[in-house]
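Please keep the viewer open as you go.

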Amino acid sequence: LLRRVNDGGLGLGLATMRLDLGDFNGCSGRLTMRLPRSPQCSWEDLARGQQDAPLGPASRTFAQWQAAWGLGVLLSRWENLVGDTLARLLACVLLEQRVLLLGDVPRTSTMALVLRALIWPFRWLHPYISAPPPQDILDMPLLEGTFPIILALGDLPPQWGFKNIYELPPEVVTGVLKHNYIYHSQELTTSGGLRGHGLKLPGGRHTAFVKRAAQVKQKLRRGELDLARAVEVVQDAAEAEVDIMAAMVRRYAAKQVEEARTTGQAKALDSAEFERWVGEEPECKDVGGGPAAIHEATCFYKTFSQTQLSLDLLHEEMIVQTAAN
């Protein structure tokens, strides 16, 4: 640690400021590090980073640590956000909507970081601004673009010309985090035909997640769970939802790789075929709750199959599975 301080020029800078680091070496026995979750890889892999393996264990470790840290902050400071609000925003991110987070910087930035981390192994490939940007960036009408975005702001910039969230473009989903409120226009319809009120985890999984989060928060308040365990339970529940969608992508990748191995001829990735295949999967068809729930689930997965994050994971999985075979 001292070597890294010196290599970065900080040691000289501190000395110039007349700060004595003479006893720095002696404090090594008192330095401790508490990991939010057990690493999924070696420390050498973490040091090398994740550029060579975007879906590798180092990538997963960084995502889990970021999510665990953020969920710990939310549960300790703004526990009301860990439930319906978190689940709806997570669904919006998985469906690549335009997500605006409004509120004080610590709250909105923490939520933005949690959302990006929880979607692993999917990757957000669009504009992502987890803290209020410089003024020259805000001079651009970011929410009027045609691309997905995650944007955390304190307030609506006056230069955008919107008096309140109800005047925003209908494609924007707004999380007013101070009031634990998600607003979407009645006109919002996703590319797969999902209406705004259906922007939630499909089937009964949304309700199940919200109920699980409520149980955890109750036990945390009673002292039946410590914060670390509460974070772990909520994180596992959220990651399980994402894993269901990732498993669909992996099954399709395996199907494509097997067909290429059998025929000896690889096919180009066909997004329309992938969309049709997703629509026939059990997660889309076997949904309880009647015709309305089935329709919402169908629209949800149709939207999901058209996202860049799903196609990106599909591409990466086909590369990995082809190499393994």
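**The whole chain**

What you see is a predicted model. Its secondary structure amounts to 13 helices and 5 strands. Of the 325 residues of the protein, 47% count as buried. Among contacts with a separation of 6 or more, 66% come from residues 24 or more positions apart.

**The sheet**

In what order do the strands of the open sheet lie? Reading across, the order is E2-E3-E1-E4-E5, and the pairing of these 5 strands is mixed. Strand E2 (128-129) and E5 are the edge strands; each has a single partner strand, so one side of each is left without a neighbour in the sheet.

| Strand pair | Sense | Bridges | A partner pair |
|---|---|---|---|
| E1 (residues 98-102) and E4 | parallel | 5 bridges | Leu102 and Val176 |
| E4 and E5 (residues 181-183) | antiparallel | 3 bridges | Val176 and Tyr181 |

E4 and E5 form a hairpin with 4 residues between them, and Asn180 in the turn has a positive phi of about 55°.

Is E4 enclosed or open to the outside? In this strand (residues 172-176), 5 of the 5 residues are buried, so E4 is largely enclosed by the rest of the structure. Both of its faces are covered, with Val172, Thr174 and Val176 buried on one side and Val173 and Gly175 buried on the other.

**Helices on the sheet**

Which strands does helix H5 lie across? Helix H5 (residues 84-94) lies across E1, strand E3 (149-153), E4 and E5, and runs at about 145° to E1. Helix H6 (residues 105-118) also packs on the sheet, where it touches E1, E2 and E3. The direction of H6 makes about 145° with that of E1.

**A helix pair**

Two packed helices can be described by the angle between their axes and the distance between those axes. For helix H10 (residues 271-279) and helix H12 (residues 291-305), the angle is about 155° and the axes are 9 Å apart. H10 and H12 are therefore roughly antiparallel to each other, and their crossing is right-handed. On the H10 side, the contact is made by Phe274, Glu275 and Val278, while H12 brings Tyr301, Lys302 and Ser305. By type, the residues of this contact divide into 3 nonpolar, 1 polar and 2 charged.

To finish, find Val242, which lies in helix H9 (residues 227-263). Is Val242 buried or exposed? Val242 is buried, and its relative accessible area is 0%. Which residues does Val242 touch, leaving aside its neighbours within four places in sequence? The contacts of Val242 beyond those neighbours are Leu90, Leu94, Leu118, Ile119, Trp120, Pro121 and Phe122. Take Trp120 as one of them: Val242 and Trp120 are 122 residues apart in sequence, and 7.5 Å apart in space from C-alpha to C-alpha.

Technical notes:
Residues are numbered from 1 along each chain as its sequence is written. This is a predicted model: local features need pLDDT of at least 70, side-chain atom pairs count only at pLDDT 80 or more; totals for chains, interfaces and linings use all residues. Side-chain values use heavy atoms; hydrogens and water are left out. Axes are lines fitted to C-alpha atoms, for helices over the stretch in contact, and angles run from 0 to 180 degrees between N-to-C directions. Helices (H or I, at least four residues) and strands (E, at least two) are DSSP runs, numbered from the N terminus. Angles under 35 degrees count as roughly parallel, over 145 as roughly antiparallel, 65 to 115 as roughly perpendicular and the rest as oblique. A crossing is left-handed if the near helix is turned anticlockwise from the far one by less than a right angle, and right-handed if clockwise. Contact means heavy atoms within 4.5 Å. Ala, Val, Leu, Ile, Met, Phe, Trp, Tyr, Cys and Pro count as nonpolar, Asp, Glu, Lys and Arg as charged, and the others, Gly among them, as polar. Buried means under 20% relative accessible area, exposed over 50%, partly exposed in between (1.4 Å probe, protein chains only). Two strands pair if DSSP finds at least two bridges between them.
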